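Hi,

Here is the structure for you to look over. My notes follow below it.

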Amino acid sequence: MPTSAYPLCGCPRTNAGNAAAEQAPCIAAYFMEANLQANRIEKVSGGHPHAAASAGQGEFARGWTILLASLIGIGSGLVSLPFYTFGIFAPHLAHDFGWSMGEIMAGLTITTLALLVAAPMAGLLCERYGARPVAACSLALFGLSYISLATLDGSLTQYYVTWAVASAVGAGSLPITFTRTVNRWFDRHRGLALGIAMMGTGLFGIACKPILAWVIADYGWRTAYAALGALPLLVAAPITLLLFRDPTTADAGSTSTPLTPLTGFSRGESLRQWRFWLIALLLIPLSFALAGTPPNLESILGDRGLDPATIIRLTPLVGLASITGRLAGGFLLDRFWAPAVAFVILSVPIASCLILSAGNLQPATAGIAIFLIGFALGVEFDVVAYLTAKYFGMRSYAAIYGLFYVCFTIGAGFAPLVFGMIRDAAHDFSPALLTCAVILPISAAGFLFLGRYPRFS
């Protein structure tokens, strides 16, 4: 098999035409070469010519409605509403029903178990029927399910069943559906486009906490649940039907920028790739370490001596940092080797875990910790979406991403429950936070073994 050397390090590399048969990379060489090639004129998948300035302008000119619909849909969907609001409702549910924090946070674990089946099904439905009908129907049904949480009567069984149903019908509102279409519309600025589309989670995180605190104080937590459910039902679903759609050949002819073709590996071919299993295995501990803190943030800060008013002012920083992380991460993904970007950004919350595990916190120090973990949370889904498109192509993107999402939800779904159980047992979140500080760098470093992106014909 013919080989050549990397120009910067002299290590041999394989010039095989079959991407699936390529050997494991020299990590340093790939990273250096990726930096050198970042600003060159490249070819997009399928061999279409691609010029830098005109390509970027053409992509955003024709795809801005897709980004707007995606931003609103993702921000109003299953990935955002529970994640940012569990900690707000938890004290009220505990007070009214006598539930423990572990019992309340088990609702997120129920969500995880439901998504083990629902997320891959959502991906398959997207491949079969298209993203728009799946996303719109899912948002509407998810909204109705969320509204039903206002009818809770103290039964944990009702609480868990409601979350199971909401997760099953809401799986189509996950980034699986929206990022599939965004990846089709954007290529050169794919990372930035994904970051903009995923900004909805950060915007929701900024707005929801102070607004919900006001609604709950004046009208009660039941009204707050109903108001949250109205967002996907009455706002996001209609906008998705109006603005969101898969590209057609007519869209490709309307500008000088070609659409990303449906090339790449099938789902079966992807499952036979070592890169698939590496990403899948890394996502479980990584998502656990990232997702345990935000739903418990109010309780963590309260344990560290901060008063409720200060906590309400600080927690929206998660959303602001998430937006910053998504834009910065998207910018970097378009210019540097994605696994290296993932390693750097996803290691940042180590500092947050160490700060939050200490004793009494000053508001400024707590704000820094919150911002750092929010910054990394703003990148995780974008990285998975980007890596899926780059390493496996668009042929079976939604199905592959759906499987990755299962791995992500396993870690993220059990993290709040484990955090709550540790808090109930140790009366402190420090053991959980310190464990996450160890998990993060080890898991993030695993992405560095992925190697260069394959080329699809």
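K390 lies over the face of Y453, 5.2 Å from the ring centre. R335 does likewise with F331: its charged end sits over the ring, 3.8 Å from the centre. A charge counts as over a ring if Lys NZ or Arg CZ is within 6 Å of the ring centre and within 35 degrees of the ring normal.

This is a predicted model: local features need pLDDT of at least 70, side-chain atom pairs need 80 or more, and totals for chains, interfaces and linings use all residues. Residues are numbered from 1 along each chain as its sequence is written, and side-chain values use heavy atoms, without hydrogens or water.

Next, the rings. The whole structure holds 22 aromatic pairs (Phe, Tyr or Trp ring centres within 6.5 Å, using the six-membered ring of Trp). One aromatic cluster includes F86, F89, W99, F142, Y146 and W163.

Helix 5 (residues 131-147) packs against helix 6 (residues 156-170) at about 170°, axes 8 Å apart. That makes helix 5 roughly antiparallel to helix 6 (over 145 degrees). Helices are DSSP runs of H or I, at least four residues. Axes are lines fitted to C-alpha atoms over the stretch in contact, with angles from 0 to 180 degrees between N-to-C directions.

Finally, the core. The largest nonpolar core has 133 residues. Helix 21 (residues 397-426) gives the largest share, 12 residues. F89 and L174 are among the residues with the most contacts inside this core. Core members are buried Ala, Val, Leu, Ile, Met, Phe, Trp, Tyr and Cys, joined through side-chain atoms within 4.5 Å; buried means under 20% relative accessible area with a 1.4 Å probe, protein chains only.

Best wishes

Technical notes. Buried means under 20% relative accessible area, exposed over 50%, partly exposed in between (1.4 Å probe, protein chains only). Helices (H or I, at least four residues) and strands (E, at least two) are DSSP runs, numbered from the N terminus. Rings of Phe, Tyr and Trp (its six-membered ring) pair if their centres lie within 6.5 Å; planes under 30 degrees apart count as stacked, over 60 as edge-to-face and the rest as tilted. Angles under 35 degrees count as roughly parallel, over 145 as roughly antiparallel, 65 to 115 as roughly perpendicular and the rest as oblique.
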